[in-house]
Every structure is written in C-alpha cells, then in structure tokens.
Amino acid sequence: MSNEVSATERQHWLSYPKFLVRAFSVATDGPFSFYAWMTALTAVTLVGANAWANQVTQGMITTGMTDHVSWGLYIANFTFMVGVAAGGVMMVIPAYLYHDKKMHDVVILGELLAIAAIVMCLLFVTVDLGRPDRFWHLIPGIGKFNFPVSMLTWDVIVLNIYLLLNLHVCGYLLYMRFRGEEPNPRWYVPFVLLSIVWAISIHTVTAFLYSGLGGRPLWNSALLAPRFLASAFVSGPAFIIITMFAMHKFAGLALPAGPIRTLVKIIRVVILINLLMLVSEVFTEFYSGGAHTDSARYLFLGLHGYNQLVPWMWTAVGLNLAAAFLFLHRKAMDSAPLLITGCVFAFLGIWIEKGMGLIIPGFIPSTLHEIVEYSPSLIEWKVSAGIWAFGLMVLTVALKIALPILAGRTEEFLPASSKSAIVRNRVGE
Amino acid sequence: MTEKKGPPTGPVESNPANEPGPADPSRRTALKGIGATLGAAAFATAISPLRNLAESISAEELMQKHYKELDEDEKRAVLNRLEEEVKEQYGAEVEIRDHAPIPGTKFAYAINLSLCNGNGKCVEACHKENNHDRATNQSYIRVLEMPAGTMDMGKGNTTYDHSVPAKDKYYMPVQCQQCDEPPCTDVCPVQATWKDDDGIVVVDYNWCIGCRYCEAACPYHARRFNWKEPEIPAEEINPVQGYLSNRVRPQGVVEKCHFCLHKTREGKLPACLEACSTGARVFGNILDPDSEIRWVLENKRVFVLKEELGTKPSFFYFFDK
C-alpha cells in the first residue's frame with residue numbers, strides 16, 4: 001500500500017515538471033502572427049516598465065494626481081479589472097450549478113481570464129504605491145498587517161486567494177489532461193464552487209474599500225457593491241465572448257454556440273439591472289439635492305464651470321444604453337457583428353463608468369469642497385498600457401496552453417509517442 | 001548588464017534539444033533563446049532608472065522595523081542614521097528626537113472664529129516649523145474664507161488673495177482634527193499611522209507604503225502625500241526635529257499635522273498658535289481642569305466639523321459674538 005503511494009508520488013515528481021516544460025513549449029510555439037502579437041505586447045510592456053521605473057525614481061509628481069485627487073487612472077483600472085476577474089467565473093455558475101455539460105470546457109476560459117485579470121489588479125495596485133520597496137510591510141506575518149480593520153487587507157487576502165483558486169482549478173484540469181487521466185471531481189469541484197463565492201467576495205470587498213468612507217458622499221452608498229457585481233457580470237462575460245470570437249478567427253477554435261447563448265442570456269438580464277441601479281443612484285443623488293449631490297453633479301453636469309468628466313460619463317451612458325439595446329435585439333444571438341459590437345460597447349462603457357467615472361468624482365469636490373480636476377499624465381497612460389499589454393500576454397499564454405484541449409487537439413499539447421514512453425518508463429521502474 | 005537582471009519578460013528556457021518540436025526544432029530553439037535574451041536585456045534597460053533609487057536606499061532603511069517594535073538601541077541607531085541622511089542630502093546639522101506622549105495628557109485645540117482674521121500666519125509658521133517642501137509651499141493648514149451667514153464649506157474659498165479681513169467674511173482654518181475615531185488609521189493596511197495616548201494621530205514615515213488610502217478616508221483634507229523629495233535650502237531647515245513629527249519626510253509617504261508634538265510633548269505650544277497674532281487659537285491639555293482649553297470647552301458653545309460623520313474631533317470651533 002505504502003509502496004503504491006510513494007510510486008504515484010514519484011510519478012508526480014517526474015511528470016509535473018515534464019508537464020510544465022510541455023506547457024511552456026506549447027505556449028511559446030506558434031505561427032508568425034503569434035510571435036508578432038507577443039512581440040508587440042512585449043514592446044508595450046517594456047514602455048510601461050520604463051515609465052514606472054521613472055515614476056518610482058522621480059516620485060509620483062510625474063503623475064497627474066494631487067493631494068486633492070489622490071487616486072487616479074491606476075486605481076480606476078484596478079477597480080474595473082476586479083470586476084472582469086469576478087465576471088470571469090460567471091461561466092462557472094451555469095456549468096456547475098445547473099450541470100450544463102457543454103459549459104464545462106469553456107469554464108476554463110473564464111478562469112484563465114480571471115487569472116490574467118487578477119495579475120493586472122495586483123500590478124495596478126503596486127504601481128500606485130509611493131514606496132513599492134516597502135511592499136513587504138503588507139505581507140502577513142512579516143510586515144504589520146492591519147487585519148481585520150483595514151478593508152485593503154481584506155482585498156489583499158481575497159484577491160490572492162482567488163488567484164490561487166483559479167490557478168489550482170485550471171492547473172489541475174490541464175495537468176490531468178496531460179496525464180491522460182479523468183480529473184477527479186473531489187480535487188476540483190469543491191474549489192470551483194468556492195471560486196463562485198469568492199468571485200462575489202472579491203468585488204464586494206473592493207466596493208467596501210470605497211463605500212465604507214463616510215467622508216466621500218459619492219462612494220458612501222449601500223448600492224455600490226451590488227452595482228459593482230452587476231457591472232462585473234456584464235464586463236466579464238462580454239470579454240469572454242470577444243475572446244471566443246478572436247480564438248475562432250485566429251486559433252481555429254470551433255465557436256461554442258451553446259455557451260455563447262448562455263452568456264448572452266446572462267448579459268441581457270444583468271445589463272438592465274446595472275442600468276436600473278445607475279438610475280436609482282442618480283435619482284437619489286439629484287432629487288434629494290444639497291451638498292451631497294456635488295460629486296454627482298460634477299460627473300454628469302459639471303460643477304462651477306468644471307466639467308472635464310462630463311463627456312466621458314455621457315459616453316459611458318450612451319455605450320451602456322446602446323449595448324443594452326444590441327443585446328436585447330432578437331438578432332443578437334445569430335449575428336456575430338451585432339454581438340461583438342454589443343460586447344465591445346458594454347466593456348468600454350463599464351470601463352469608463354466603473355473606472356474613472358467612479359474614482360475621480362469621489363475626490364471632486366474635495367472634502368473641504370475645493371475643486372481640483374484631474375487628468376492622467378503621459379506616464380500614467382504608459383504604465384497602464386504596459387499593464388494591459390502584460391495582462392494580455394498572460395492571457396495569450398494561458399489560452400495557448402488551454403486551446404489544444406478546448407479544441408479537442410490534445411495530441412498537439414502532448415505528443416503521443418513521448419507520453420506512452422513516460423508511462424512505459426514508470427511501469428518499468 | 002546582462003540578461004540576469006530582473007525577471008524576464010520573454011521565454012528564458014529553451015526546449016531541451018531532445019524534445020520533439022515542430023519543424024526544424026533546433027533553429028526554432030535557437031531563435032527562442034535569442035528572443036528571450038533580447039527581451040530580458042530590454043527589460044533590464046527599461047527598469048534601469050531604478051538603479052539610481054536603489055543606491056539612495058540603504059539596507060538599514062529597507063529592513064527597518066515598525067516604530068513600535070524598535071527597542072531603545074535600535075531607535076537610537078535609526079535616529080542617528082536619519083540625522084546622517086539629512087546631513088548628506090541637505091547639508092544640514094539636525095537633531096532628531098523620539099518624543100513619547102506625556103502620561104495624563106489629552107491634547108485639544110480650539111479656534112475662536114470671531115477673532116481669526118485670515119492673515120495666514122499659522123499657515124506660514126507651519127510651513128517653516130515642519131520642514132515642508134519649499135517649491136509647493138506645502139502646509140498642514142488650509143484657511144477657508146467664508147461668507148458671513150453660512151456654514152456651508154461649498155461657499156468657502158481657500159485661494160483668496162487680498163487684504164484681510166474682507167468685508168462680510170469670516171475665516172476658518174482647517175488642519176488635522178485629531179479625531180478620537182479616526183477613519184484614516186482604520187484604513188491603513190500596514191498600521192503605519194495610529195492615535196497616540198495623548199490624542200495625536202501620528203505617522204511612521206519609514207513604515208508608510210504610500211497607498212494613500214488614508215488620504216481618501218480623511219474627511220478634513222488633513223493628509224498630504226510627498227509626491228516628490230522635499231526641497232529645502234540647508235539654512236532654512238528647522239534643526240529641532242522629532243521622528244514622528246517634523247523631520248524631513250522621504251519621497252512617496254503620507255504626512256499630516258501632529259500638533260507639533262516635538263514642541264507640545266515638551267510643554268511648549270504649537271507653531272501655528274505661537275504665530276497667530278489675533279489670539280484666536282487655544283491649545284492645551286483637556287485633562288487639566290485649570291487649562292484654558294478646558295475653560296473654552298466648558299464656557300463657549302463650541303462645535304466640530306462634520307459632526308454627523310462620527311469622527312469625534314479633538315479640534316473645536318466657536319464664535320465669541
């Protein structure tokens with residue numbers, strides 16, 4: 001008995017590194033277009049890394065932020081990406097709760113998106129730190145972790161655990177494929193179910209970062225967390241649909257019609273809920289009036305002649321309305337251009353609404369009612385673009401590994417000859 | 001500089017030669033290797049500005065423990081090092097001391113808005129006393145010029161530039177309210193800021209990671225971030241300094257009003273009060289029944305800013321007439 005266990009263990013010791021090497025090889029092999037895409041992303045990432053290095057060295061004076069608007073493009077992108085990460089597992093709910101077998105393979109896609117999105121979240125927070133060299137102060141046990149009082153420590157915990165959960169589920173399923181074994185549900189189904197709860201937790205906790213601040217009336221709303229979730233469950237699935245079409249075009253993935261239909265059904269409902277919540281926030285703000293309305297007034301109408309965000313916000317409203325219309329159109333299910341346009345509109349609309357449209361007006365007017373406007377500096381745009389490019393690289397590599405499985409081409413991932421050779425060796429021992 | 005610097009952005013490992021790959025594996029492997037090397041070298045170049053910074057941060061500074069975990073010897077070493085750094089960087093001889101709260105003390109501040117005339121002497125005194133950046137004219141105090149007959153800060157103006165007092169205006173200086181329920185210390189993820197026993201909310205500038213969550217949480221715009229290294233000519237540096245108060249702050253950390261604890265914890269008055277020519281400012285220990293601040297709190301109808309937020313400020317305002 002004990003011999004058997006140790007033999008399996010030894011097998012894992014040998015086959016796991018082998019799996020990593022193969023995965024690495026699959027992820028770095030591709031046609032010319034693949035190398036061109038990765039080279040372009042690397043170039044943008046490098047520009048971002050250089051901009052960040054300059055920001056750290058010269059100080060954050062190089063950003064557009066001030067003591068009045070002390071968070072900007074980075075935290076806006078962070079907030080949005082938490083939503084994309086949470087929305088990624090929206091695929092998981094129909095697959096596992098309703099036993100929709102067709103969704104099972106596509107679920108991995110959502111979880112890989114979640115991994116890339118979380119990596120981006122962590123980077124966006126890191127580049128916002130004035131002292132990244134003191135990052136270790138945040139590590140529980142080594143630093144001085146202000147848990148459970150600071151919501152930011154909650155966010156650090158839930159984001160990292162969410163990353164690990166998704167890495168485990170995706171890694172386990174792919175590794176089992178590599179070994180040619182049927183995945184044991186005991187080793188992934190509980191984690192999948194946990195990741196559903198966890199997806200909701202990451203976005204709830206991120207909303208609590210803001211809604212818990214009594215001094216910022218725009219954020220200090222109980223509706224913030226539900227609104228975050230609603231918008232996440234539009235932006236995540238929208239991105240997944242876009243990704244599926246891209247993989248269909250560039251990587252020969254057969255379009256999974258059933259899962260796409262399910263995702264569109266989800267978006268159809270949630271995009272309306274999101275708009276309803278936006279309307280109810282706007283109503284409460286404007287109908288009750290008073291000084292509490294100033295931030296909302298600045299965002300939608302402009303305040304005392306300051307109106308930098310107004311065109312942005314109305315663009316977001318327009319995009320969200322147009323996306324809702326497109327998704328509700330009866331042709332949305334059948335017309336790819338219509339569907340893709342809807343997804344792009346929804347994704348961009350929410351990026352503005354929940355990014356800059358939420359973070360910046362929280363600071364305008366300031367707590368002493370001064371108005372100082374904010375626009376991101378070139379360095380902030382470069383760093384943000386760099387993180388987006390890096391995130392897309394992570395996603396591309398992850399998809400590259402998963403694609404052979406999604407497309408049913410496992411032999412590409414795992415040359416049959418070498419596999420049987422491994423097994424023969426193991427048995428021979 | 002080699003490709004070993006920094007984490008690689010591209011693939012670093014190449015296929016083992018015996019691994020069966022697609023067409024012409026050896027050429028492909030070689031190309032991958034070249035790509036990886038170029039990528040890594042480009043990354044090292046991209047982040048090379050960090051090398052300047054790495055030189056200016058000593059290992060002692062990087063590994064320094066939290067203020068509350070330093071023992072007496074370690075504290076002494078830290079203070080010496082900081083004094084050395086100011087000498088090296090700014091060319092100024094300073095003395096940095098560690099000031100503990102005085103037992104039986106709870107500081108409070110009150111401002112008589114009938115007397116304050118908005119001359120801004122407190123703002124200037126704070127700027128000089130606390131070694132603020134000269135270029136940005138930083139200070140912990142903002143004075144709102146308010147139209148008579150309103151308490152609505154939305155009608156106030158902090159950038160007035162005319163002789164004072166103007167007709168039908170009153171002036172309201174705002175600085176850290178040293179709240180008894182400070183939202184700023186709650187949100188700090190690394191406990192770099194806390195409320196001391198004498199009521200002063202302090203920051204360990206060598207522990208702050210610069211996330212600026214406290215700046216978002218403060219309802220009184222009391223916190224400032226060091227967006228760059230402060231610039232102060234050596235002869236203008238105030239050499240009497242405290243670790244938790246007015247020592248020259250590093251780049252990338254948050255700071256705030258500390259009731260001049262390097263003075264007040266030695267029985268002196270805050271610089272803003274000393275500079276005030278109108279007598280509007282009252283400061284003291286509210287646990288002392290004979291103190292002036294105690295008299296004001298007992299005899300004047302004082303109010304606090306944004307009382308509805310439940311922050312319980314130790315900073316009060318009142319009108320005489």
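**Figure 1. Confidence along chain B of this predicted model.** Chain B averages a pLDDT of 91, and 93% of its residues reach 70 or more; pLDDT is the predictor's confidence in each residue, from 0 to 100. Residues 1-22 of chain B are another story, with pLDDT staying under 50. The model still has 45 contacts beyond four places in sequence for that stretch, a contact being two residues whose C-beta atoms, placed from the backbone, lie within 7 Å. Where pLDDT is low, the predicted coordinates should not be read in detail. For the model, ipTM comes out at 0.91 and pTM at 0.92. Since this is a predicted model, local features need pLDDT of at least 70 and side-chain atom pairs count only at pLDDT 80 or more, while totals for chains, interfaces and linings use all residues. Residues are numbered from 1 along each chain as its sequence is written, and chains are lettered from A, ligands numbered from 1, in the order in which they are written.

**Figure 2. The overall build of chain B.** Chain B has a radius of gyration of 26 Å, whereas a compact globule of 321 residues would sit near 20 Å (taken over C-alpha atoms; the globule rule is 2.2 Å times the number of residues to the power 0.38). Along the principal axes, its C-alpha atoms fill a box of roughly 90 × 45 × 35 Å. The chain splits into domain 1 (21-56) and domain 2 (62-321), with bounds from an automatic or database domain assignment. The C-alpha centres of those two domains of chain B are 49 Å apart. Count up the secondary structure of chain B and you get 10 helices and 11 strands, where helices (H or I, at least four residues) and strands (E, at least two) are DSSP runs, numbered from the N terminus.

**Figure 3. Strand β2 of chain B and its two neighbours.** Strand β2(B), residues 107-112, has 5 of its 6 residues buried, so it is largely enclosed by the rest of the structure. Buried here means 20 or more other C-beta atoms within 10 Å of a residue's own, exposed means 12 or fewer, and partly exposed is in between, with C-beta atoms placed from the backbone. Strand β10(B) (residues 281-285) runs antiparallel to β2(B), joined by 5 bridges, and B:Ala110 stands opposite B:Val282 there. Strand β11(B) (residues 315-318) runs parallel to β2(B), with 4 bridges; B:Ile111 has B:Tyr317 as its bridge partner. Strands pair if DSSP finds at least two bridges between them.

**Figure 4. The side of chain A that touches chain B.** The contact draws on 51 residues from chain A and 60 residues from chain B. Helix α2(A) gives the largest share, 10 residues.

Figure 5. A cis peptide bond, omega about 5°, links A:Phe147 to A:Pro148, and A:Pro148 sits in the loop between α5 (103-127) and α6 of chain A. Another cis bond, omega near -5°, runs from A:Ile364 to A:Pro365. A:His369 isn't a glycine, yet its phi is positive at about 65°. Over in chain B, B:His221 also isn't a glycine and has a positive phi of about 50°.
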